[in-house]
Amino acid sequence: MFPELFDTAPLRRAIDDGLDWLIATWGEGFEAAASPLQWTLNTIEQGLLALPWWALIAILTGLALLATRKPALPLVVAAAMLFLGVLGLWEDAIKTMALMLTATLGTIVVAIPLGVAMSGSALLRRVLTPVLDLMQTMPSFVYLIPAVMVFGPGRVPAVLATMIYAAPPLMRLTDLGLRLVDPDVLEAGWSFGMTRGQRLLKIQVPLALPTIFAGINQATMMSLSMVVIASMIGAGGLGYQVLQGIGRLEVSRGLLAGLGIVALAIVFDRVTQAFGRRLQQRLGVTDFKP
Amino acid sequence: MRPHVKLAALALAAFLAAVAAQAATAAECETDRTIDIAEMGWPSAAALARVHAVILAKGYGCRVALVPGDTVPTLAAMVAKGEPALAPELWPNASKEAWEKGLAAGKVVDLGPAIAEGLVQGWYIPTYVAEANPGLRSVEDLPRYWQLFKDPDDPGKGRFVSCPPGWACEIMDANFFKAYGLGDTFNLFSPGSAGALDATIAQAFLRREPIVFYYWGPTAMMGRFPMTRLEMAPFDEAKFACIGDAACANPEKTDFVVPDAVKAAASWLPQEAPTVVEYLRKASLTNAEIGRILAWGEENKADAEAVAENFLRTEEAIWTGWVPAEIAAAVTAGLD
């Protein structure tokens with residue numbers, strides 16, 4: 001046994017009391033800061049729920065058709081969505097989809113600019129890399145419960161926790177994609193008198209798009225994988241069905257909801273991948289596999 | 001004697017003394033099977049599991065193992081496989097059907113109350129909300145006060161914080177919700193897990209905001225945050241039976257049953273280890289005692305193991321009454 005150098009109880013009490021103080025004094029501020037997320041989430045969810053089921057299937061199938069121009073993927077997408085509907089998981093699937101889309105949107109808004117900044121500054125990269133490692137390895141329950149205490153239960157802390165989990169791969173891939181751009185091309189831009197911003201937006205970002213798209217695909221998948229954990233803090237949706245299945249020993253309920261999550265994952269993974277490939281073909285860049 | 005011989009003799013003597021001490025302290029366990037004790041997620045049950053584990057291991061010399069548990073799965077496993085052998089604090093009402101079937105089939109036995117009196121469950125509001133709104137006294141009043149409890153996900157309704165999925169109270173809350181006609185003014189919100197339920201309540205209390213939620217006691221939360229129970233219609237056994245049924249077609253107004261928390265054992269335990277079971281039957285705490293134990297744990301940020309050790313060290317007056325004197329001595333010796 002490691003010798004007890006000092007009693008950790010006072011330290012832990014200080015942390016707990018600090019959190020209590022934070023909530024009592026700044027709670028409203030935090031909630032206000034998170035209100036754009038809440039608004040986005042409510043809007044997306046209400047929008048999706050207002051759509052008739054066939055319209056949503058038609059839109060997703062249409063997107064798949066647009067991305068591949070072949071019948072295989074649209075058929076898979078339509079089948080996966082019908083599967084969700086037939087099994088009575090439609091509403092839960094929509095809720096999960098809204099959560100995932102909001103988290104992915106939030107991740108894109110936060111992670112891509114940070115990734116761009118990382119690619120431009122070695123110092124920032126050196127500072128952020130360990131932070132990203134921490135975000136990816138810290139067990140999510142550690143920050144989920146304090147997030148509930150700060151933001152209230154429900155979907156806002158769930159979206160935030162999902163963003164913490166999903167942002168690192170997108171940040172890393174954005175940074176990597178931008179840095180992998182051929183220096184000769186950049187130099188050509190330089191010699192034509194392009195400004196820093198022009199080089200970023202007109203050379204680096206377009207050439208890095210396939211890599212960034214791979215990052216978005218990763219972020220989408222990681223958001224979906226947080227679904228069950230997020231429902232442990234009241235996010236609802238398919239994850240909640242899984243939890244209920246476990247809690248009541250209804251294996252069937254858990255299994256069906258689990259398969260529903262798989263169906264959603266297939267839809268979003270394949271569609272975003274297909275768009276990524278299409279982008280690559282259009283730009284004529286070589287395939288990049290992270 | 002030459003020095004090294006002396007040393008060897010000394011070592012031998014020490015060894016023999018240790019063996020003798022071992023023999024004197026640990027009694028022979030009545031069963032060869034490992035007694036696995038379900039350690040439930042909430043503090044009182046976890047502390048009780050640890051207390052029993054120490055007494056059975058140090059006092060009765062049994063092989064014990066602690067396994068994580070929860071009401072429904074633990075009871076199901078106990079009925080089906082006889083494992084875990086012991087659930088130190090089981091709320092039978094939370095899984096009534098399985099419990100009664102298990103009792104009738106002789107798969108589980110009821111070893112009497114784990115907490116002797118003072119158990120409560122119901123719908124609660126913070127006491128500061130009750131004081132500020134004298135008109136809000138019962139569940140019937142909730143529809144008139146829904147705006148106090150606005151649901152951020154759906155601001156047109158109030159939010160009632162129910163139980164995590166899989167808990168029996170989740171079904172009861174849903175049925176009470178129907179019985180009291182709250183669907184037009186409230187949303188039933190599931191916090192997803194015990195941790196999130198507590199965090200939700202703690203957040204509201206720390207910010208002195210209104211919240212209406214299900215809770216039960218004795219618990220550390222109830223000790224920490226002053227809460228007021230909302231009144232309900234008088235208790236009626238037949239109506240409550242329907243409330244506890246997920247398939248209840250027409251739930252009617254009634255109250256929660258006064259809960260009981262028992263020690264449940266797999267039926268092989270009393271057959272193979274009668275004296276251990278004799279101890280278990282006696283081991284029961286009152287609400288005040290549990291409250292004191294949990295408050296110490298809360299104050300010292302102690303885990304269940306430390307809470308149990310502190311209980312065994314400081315509350316000897318309570319637990320030495322459960323066991324014969326020589327077992328008590330062995331437990332005390334084993335603590336050091």
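How many residues of chain B are in contact with chain A, and how many residues of chain A do they meet? In this predicted model, 23 residues of chain B touch 28 residues of chain A. Let's begin at that meeting place and then step inside chain A.

The largest share, 7 residues, comes from H7(B). Sorted by class, the side of chain B that touches chain A holds 12 nonpolar, 8 polar and 3 charged residues.

For the complex, the predictor reports an ipTM of 0.79 and a pTM of 0.77. Chain B has an average pLDDT of 86, with 92% of the residues scoring at least 70. Residues 19-24 of chain B are a stretch to treat separately: their pLDDT is below 50, and beyond near neighbours in sequence the stretch has 0 contacts in the model.

Now for the helix packing in chain A. Take helix H3 (residues 53-68) of chain A and helix H13 (residues 251-283) of chain A, whose axes come within 8 Å and cross at roughly 30°. Because angles under 35 degrees count as roughly parallel, H3(A) is roughly parallel to H13(A). Their crossing is left-handed. From H3(A), the contact draws on Leu60(A), Leu63(A), Ala64(A), Ala67(A) and Thr68(A), and from H13(A) it draws on Val267(A), Val271(A), Ala274(A), Phe275(A) and Arg278(A). By class, this contact has 8 nonpolar, 1 polar and 1 charged residues.

A second pair to look at in chain A is helix H5 (residues 90-120) and helix H10 (residues 196-225), with axes that come within 10 Å and cross at roughly 140°. That angle makes H5(A) oblique to H10(A), since the roughly antiparallel class is kept for angles over 145 degrees. H5(A) passes H10(A) in a right-handed crossing. If you follow H5(A) along the contact, you find Met100(A), Ala103(A), Thr104(A), Thr107(A), Ile108(A), Ile112(A) and Val116(A). Their counterparts in H10(A) are Leu200(A), Ile212(A), Ile216(A), Ala219(A), Thr220(A), Ser223(A) and Leu224(A). The residues of this contact divide into 10 nonpolar, 4 polar and no charged.

Methods:
Residues are numbered from 1 along each chain as its sequence is written. Chains are lettered from A and ligands numbered from 1 in the order in which they are written. This is a predicted model: local features need pLDDT of at least 70, side-chain atom pairs count only at pLDDT 80 or more; totals for chains, interfaces and linings use all residues. Axes are lines fitted to C-alpha atoms, for helices over the stretch in contact, and angles run from 0 to 180 degrees between N-to-C directions. Helices (H or I, at least four residues) and strands (E, at least two) are DSSP runs, numbered from the N terminus. Angles under 35 degrees count as roughly parallel, over 145 as roughly antiparallel, 65 to 115 as roughly perpendicular and the rest as oblique. A crossing is left-handed if the near helix is turned anticlockwise from the far one by less than a right angle, and right-handed if clockwise. Two residues are in contact if their C-beta atoms, placed from the backbone, lie within 7 Å. Ala, Val, Leu, Ile, Met, Phe, Trp, Tyr, Cys and Pro count as nonpolar, Asp, Glu, Lys and Arg as charged, and the others, Gly among them, as polar. pLDDT is the predictor's confidence in each residue, from 0 to 100.
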